[in-house]
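Good morning, and thank you for joining. I shall begin with one residue, turn to a second, and then consider the chain as a whole.

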Amino acid sequence: MEIWVNPRCSKCRSALSILDEAGVSYEVRRYLDEPPTVAELDAVLQRLGLDPWDIARLQEPEAAALGIRDWPRDAANRDRWLTALAEHPALIQRPIITADDGTTVVGRSEDAVRSVLP
């Protein structure tokens, strides 16, 4: 199991506590320090069944600076969104958890985190 976290994020800390409480083994990826590549983001999004704009944190200052809120949300602009998220990982929703079986969730709620537990 892998979890993408920002250690300063309360939702990330909560998810880690749930995983610890459940006694599962996991790897932490501090995605701000080790940003995912476009290919990694694309693979995660495919497992989530989402598009890049669905996991974008549009209230972040970087989003305003890029003007990303106004970008078209369509197939023609998907790569543009992926590139922006890879280059500006603070824009990625967190935490993202990928279980050993490939199940992936955005673990913002306790139920979402528990859904990937064995």
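Predicted model: local features only at pLDDT ≥ 70, side-chain atom pairs only at ≥ 80, totals over all residues.

Thr104 is buried, since its relative accessible area is 8%; buried here means under 20% relative accessible area, exposed over 50%, and partly exposed in between, with a 1.4 Å probe and protein chains only. Residues are numbered from 1 along each chain as its sequence is written, and side-chain values use heavy atoms, with hydrogens and water left out.

Thr104 lies in strand S4, residues 104-106. Strands are DSSP runs of E with at least two residues, helices are runs of H or I with at least four, and both are numbered from the N terminus.

Which side chains make polar contacts with the side chain of Thr104? One is that of Arg47, at 2.9 Å, and another is that of Thr98, at 3.2 Å. A polar contact is a pair of N or O atoms within 3.5 Å; within protein, one must be able to donate a hydrogen and the other to accept it, and residues adjacent in sequence count only if both atoms are side-chain atoms.

Not counting residues up to four places away in sequence, Thr104 touches Val44, Arg47, Leu48, Ile96, Ile97 and Thr98, where contact means heavy atoms within 4.5 Å.

I turn now to Arg29, in strand S2, residues 27-30. Is Arg29 buried or exposed? Its relative accessibility is 7%, so Arg29 counts as buried. Its side chain reaches two backbone oxygens: that of Glu34 at 3.0 Å and that of Pro35 at 3.1 Å. Beyond its neighbours within four places in sequence, the contacts of Arg29 include Glu2, Ile3, Trp4 and Val5, and also Pro36 and Glu40.

Finally, the whole chain. The protein has five helices and four strands, in the order β-α-β-α-α-α-β-β-α from the N terminus. Its radius of gyration is 14 Å, close to the 13 Å that the globule rule gives for 118 residues, so the protein is as compact as a globular protein of that length. The radius is taken over C-alpha atoms, and the rule is 2.2 Å times the number of residues to the power 0.38. Buried residues make up 45% of the 118 residues. Among contacts between residues at least 6 apart in sequence, 61% join residues at least 24 apart.
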